[in-house]
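Subject: Structure for your review

Hello,

Here is the structure I said I would pass on, with notes on what was found in it. Please read the notes with the model open.

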Amino acid sequence: MPSTIVHMAFAGLVATGLLGGYFDKRSLLVVLVAVALIDFDSFIPLVTGFGHRAILHNLLVPLLGTGAVAVDVFLRDESYILDRWGAWGLRVAWVTLFCYAVTGVLLDMTDGVVNLLWPLHDQFYTLDGKIELSDQRGLVQTFIEFGGDGGPPTPEAVGSTDDVDITTGVDPGEPTESEEDPERVFPVIGATWELLLFVTGTFVTATRLTLDGETGTDK
């Protein structure tokens, strides 16, 4: 699964585009911190015995956040966000929630597994496949499974928190018979596409910060 710095590089790239005129060091920091915090559920299994890719790696967190922002802005007589931070705060909130879901949770699902709806539905999912156009089979896709019993299309389910044990550098799991102390591996760059994403995202974000600083638009 992509490391935290790859997630942050991707989030910076997305934030650079979506924040528009509200892009500054503060808004970028909010987005990057939110995305980085997702991986803090690596420490939770040390206490609970489970939780990695579940407690924070799910879509309920950004969905609840979206609901809270919507209630504050559209249903309250006076919006706390708008009153305190204005349009800047509202844009940062929406972009942060989007980056949490896409550059954080869903990116892990494309190169690993995440518990999308935990704790309402305890099931890890992965999204791996291809789309191709064949002269004999037409449009073919293997990302989504269509249930034979008429159920809704879903990504591939791989088990619950009782079945799936995800090891990390923080929690390397139980030692095997051949090793007394399991190796602790902290991933940095695990594939060529991750390196490209990290370099591109970091370069674009740094360039935007530099250009904004030169033009005096950095807040």
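An axis here is a line fitted to C-alpha atoms, for helices over the stretch in contact, and the angle between two axes runs from 0 to 180 degrees between N-to-C directions. The model is a predicted one.

Helix α1 with α5

In those terms, the axes of helix α1 (residues 4-18) and α5 come within 10 Å, with a crossing angle of roughly 145°. The crossing of α1 past α5 is right-handed. On the α1 side the contact is made by H7, F10, A11, V14, A15 and L18. On the α5 side it involves R91, V95, F98, C99, T103, G104, L107 and D108. By class, the contact of α1 with α5 comprises nine nonpolar, three polar and two charged residues.

Helix α2 with α5

Helix α2 (residues 25-37) packs against α5 at an angle of about 30°, and their axes are 9 Å apart. Angles under 35 degrees count as roughly parallel, so α2 is roughly parallel to α5. α2 passes α5 in a right-handed crossing. From α2, the residues R26, S27, V30, V31, A34 and V35 meet W88, V92, V95, T96, C99, Y100 and T103 of α5. This contact of α2 with α5 has nine nonpolar, three polar and one charged residues.

Helix α4 with α5

Helix α4 (residues 60-75) and helix α5 (residues 80-110) have axes that come within 10 Å and cross at roughly 155°. Angles over 145 degrees count as roughly antiparallel, which means that α4 is roughly antiparallel to α5. The crossing of α4 past α5 is left-handed. In α4, the contact residues are V61, P62, G65, T66, V69, A70, D72, V73 and F74. Their partners in α5 are Y80, I81, L82, L90, A93, W94, L97, Y100 and A101. The classes in the contact of α4 with α5 are 15 nonpolar, two polar and one charged.

Cis peptide bond

Most peptide bonds are trans. The bond that joins W118 and P119 is cis, with omega at about 5°. P119 sits in the loop between α5 and β1 (124-126).

Largest pocket

How much space lies in the largest pocket? The volume is about 400 Å³. The largest pocket is lined by 21 residues, and those closest to its centre are T4, S42, R53, T168 and P187. By class, its lining has 12 nonpolar, seven polar and two charged residues.

Regards

Key
Residues are numbered from 1 along each chain as its sequence is written. This is a predicted model: local features need pLDDT of at least 70, side-chain atom pairs count only at pLDDT 80 or more; totals for chains, interfaces and linings use all residues. Side-chain values use heavy atoms; hydrogens and water are left out. On a 1 Å grid over the protein atoms alone, a cavity is a set of points where a 1.4 Å probe fits but cannot get out, and a pocket is an open set with protein on both sides within 12 Å along at least five of seven lines; lining residues have an atom within 4 Å of a point. Grid points are joined across faces, edges and corners, and a volume is the space filled by probe spheres set on the points. Ala, Val, Leu, Ile, Met, Phe, Trp, Tyr, Cys and Pro count as nonpolar, Asp, Glu, Lys and Arg as charged, and the others, Gly among them, as polar. Helices (H or I, at least four residues) and strands (E, at least two) are DSSP runs, numbered from the N terminus. Angles under 35 degrees count as roughly parallel, over 145 as roughly antiparallel, 65 to 115 as roughly perpendicular and the rest as oblique. A crossing is left-handed if the near helix is turned anticlockwise from the far one by less than a right angle, and right-handed if clockwise. Contact means heavy atoms within 4.5 Å.
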